[in-house]
Amino acid sequence: MSSASDRSAAPLLEASGVSMVFGGLTALNNVSLTVGREEVLGLIGPNGAGKTTFFNCLTGQYVPTSGRISLDGTTLPSDPAKVAAAGVARTFQNIRLFPNMSVLENVLVGRHVRMRQGAIASIFHGPGFRKGERLARERSRELLDFVGLSQVEGELSRNLPYGDQRRLEIARALATEPSVLLLDEPTAGMNPQETEDTRQLIFAIRDSGVSVIVIEHDTKFIFGLCDHVVVLVQGEVLVAGTPDVVRDDPRVIEAYLGKPPEDVAGTATEGEEGR
Amino acid sequence: MVTLLQQLVNGIVLGGLLAFITLGYTMVYGIIQLINFAHGEVFMVGSYAALATYLWALPSGIQSTWYLALPIVILAGAAFSVLVAVIMERFAYRPLRNAPRLAPLITALGISVFLQEAVRNFFPDGTRPKAFPEVFPEGQLTFLGVTVPASGLLLVVMAIILTGALQLYVNTSKLGRAMRATAQDPDTARLMGINPDRVIVLTFILGAALAGVGGVLYGVHYDNINITIGFQNGIFAFTAAVLGGIGSLRGAVVGAFCIGLIKTLAGQYMPGGTAYDYVWIFVILILVLVFRPQGFFGETERVRA
């Protein structure tokens, strides 16, 4: 089958034979892939290929009809709250911040799963409570600094510009201390400068020891970013391999890049430079 | 002038009382969009639990020492209210979490009737109003001709302290943040590792504890309790929650004091006197629903698919 890599080390995240059937619709059919440590994996494919469905399976929002997903050798639970604790975090294609919370608070919510704070202790604001809160705030501010949002920590998240909201989502996801970060179209709607900033940010995240899976329509972005790329078409893995291999594969060109012009224009942002 | 001041004082005391109930209404609504009509009954059972504790659990030495008896009956009332609310959430509301919204609403009305009837049947001589024991000194302050009963002062001070503590808790603690996050987007909150069941139970617990304390203080202040106090005050509190903007804690407190003042002032100055003071409260409710359905501090759009 198509495995993303042949690394000597055991993969960090491994999906084997994942299928997801909704009624009569097979959204994912026997998808297998692996993600190594400190690896950036790109997930591309035409609209409706099942990319976001696959993310939903990884995070426990969907329970796959069949197949197994494991992180570091342990099967992931099917409850999103437990998956977060196990070390998988995500962002969304359409941003889903907590709109009426401040930027800092959004990140603090991400710390939830890493904070030990009992209901009683927080009523009486004991020393343990204060210390935990202080550490959570420190860590959250570090993350805001990391994504470049320290200046606006007090703003309500709904008032941020679009690109900043995307970065805030990333900071919030990182606050859960994931070992795998899932980014669903992180550059959608961004201008070229913001896209490049995001690319650098993803590299920095990888260098900090977090593996990243990125869904994108912008293939140029993906090929310049990822160690490996998996192409999904109609719920199945069409091709998997390094960017060079995937880029030159005639099936990919046919199924994805070689679509009629209006489709290419419709999916790529502003019909960037020809390919 | 003295009458006006006196009615203002009375209104503030009533407002403090309603605040204890309103906060629970608004928190539960904020998190699961349920108007918990049984919440008034949670207040009422707190009152009866305190009475029962006093009558049958406290030795006479403690009964006669108010500064021991008062905290004990308050804790007992709050604890019993919390117990009732947790059972209610677990067995009545949780199974209906994904049902159409009308189902839990009707369930709430059913629980309300159930709790009233349970107290009527199982509390000895429950059909008749009960004298609430004296667990707080009778005294009163008088200045400028206005009397402020000590129990009223206690009620308002407790209301201010507890609502302040609640605000602090919800705004600065991990679980408070989890509550707000769940209220805003439950699915995303779950992806952040927040277990919504725990957060919802916590919300019921906080609301019920406040209602229970309120129930006990109602008895202390008004000297008499009966099985309908929950329903009456629950409806006022509901109106206050709508007035303040349901889902908003700040709104709940402001709304409660507004309703308290409206009731006492309308009872004094509007035609019909106290016999019609309910009318004015519901006139306000109707006006709010027509002209500003989101209340003082509510959000314009709370509708979720």
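Helix α2 of chain B covers residues 39-56, 18 residues in total, and spans 26 Å from its first C-alpha to its last, close to the 26 Å expected at 1.5 Å a residue. That expected span is 1.5 Å times one less than the number of residues in the helix. Helices here are DSSP runs of H or I with at least four residues, strands are runs of E with at least two, and both are numbered from the N terminus. Because 15 of the 18 residues of α2(B) are buried, this helix is largely enclosed by the rest of the structure. A residue is buried if 20 or more other C-beta atoms lie within 10 Å of its own, exposed if 12 or fewer do, and partly exposed in between, with C-beta atoms placed from the backbone.

Before going further, a word on the model itself. It is predicted: local features need pLDDT of at least 70, side-chain atom pairs count only at pLDDT 80 or more, and totals for chains, interfaces and linings use all residues. Residues are numbered from 1 along each chain as its sequence is written, while chains are lettered from A and ligands numbered from 1 in the order in which they are written.

## Chain A at a glance

Chain A holds 11 helices and 10 strands. Of its 275 residues, 45% count as buried. Among the contacts in chain A with a separation of 6 or more, 68% come from residues 24 or more positions apart. Two residues are in contact if their C-beta atoms, placed from the backbone, lie within 7 Å.

The chain is divided into domain 1 (1-87 + 179-198 + 210-275) and domain 2 (100-177), with bounds that come from an automatic or database domain assignment. Each domain is represented in the contact between them: 7 residues from domain 1 of chain A and 7 residues from domain 2 of chain A. On the domain 1 side, the touching residues divide into 5 nonpolar, 1 polar and 1 charged. For these classes, Ala, Val, Leu, Ile, Met, Phe, Trp, Tyr, Cys and Pro count as nonpolar, Asp, Glu, Lys and Arg as charged, and the others, Gly among them, as polar.

## The open sheet

In chain A, 6 strands form an open sheet with mixed pairing, in the order β6-β7-β8-β3-β9-β10. Its edge strands are β6 (88-90) and β10 (236-241), each pairing on one side only. From one strand to the next, the twist averages 20 degrees. Two strands pair if DSSP finds at least two bridges between them.

Strand β3 (residues 40-44) pairs with β8 (residues 211-215) of chain A in the parallel sense over 4 bridges, and A:G42 has A:V214 as its bridge partner in β8(A). Another 4 bridges join β3(A) to β9(A), again running parallel, with A:L43 partnered by A:V230. A:V230 also stands opposite A:A240 in β10(A). β9(A) and β10(A) pair in the antiparallel sense over 5 bridges. These two strands form a hairpin with 2 residues between them, and A:Q234 in the turn has a positive phi of about 50 degrees. Since 5 of its 6 residues are buried, β9(A) is largely enclosed by the rest of the structure.

Helix α1 (residues 51-58) of chain A lies across β3, β6, β7 (180-184), β8 and β9 (228-233), running at about 150 degrees to β7(A). Such angles run from 0 to 180 degrees between N-to-C directions, using axes fitted to C-alpha atoms, for helices over the stretch in contact.

Strand β1 (residues 13-22) and strand β4 (residues 66-71) of chain A pair in the antiparallel sense over 5 bridges, with A:A15 opposite A:I69. β4(A) also pairs with β5 (residues 74-75) of chain A, antiparallel over 2 bridges, and here A:L71 stands opposite A:T74. β4(A) and β5(A) form a hairpin with 2 residues between them, where A:D72 in the turn has a positive phi of about 55 degrees.

## Where the chains meet

In all, 23 residues of chain A are in contact with 18 residues of chain B. On the chain A side, the elements giving two or more residues are α2 (80-86), α3 (103-111) and α4 (119-124). By class, this side has 13 nonpolar, 7 polar and 3 charged residues.

A:V109 sits in helix α3 of chain A and counts as buried because it has 29 C-beta neighbours inside 10 Å. Leaving aside neighbours within four places in sequence, A:V109 is in contact with A:F98, A:R172, B:R177, B:A181 and B:M192. A:V109 and A:R172 are 63 residues apart along the chain, and their C-alpha atoms are separated by 7.5 Å.
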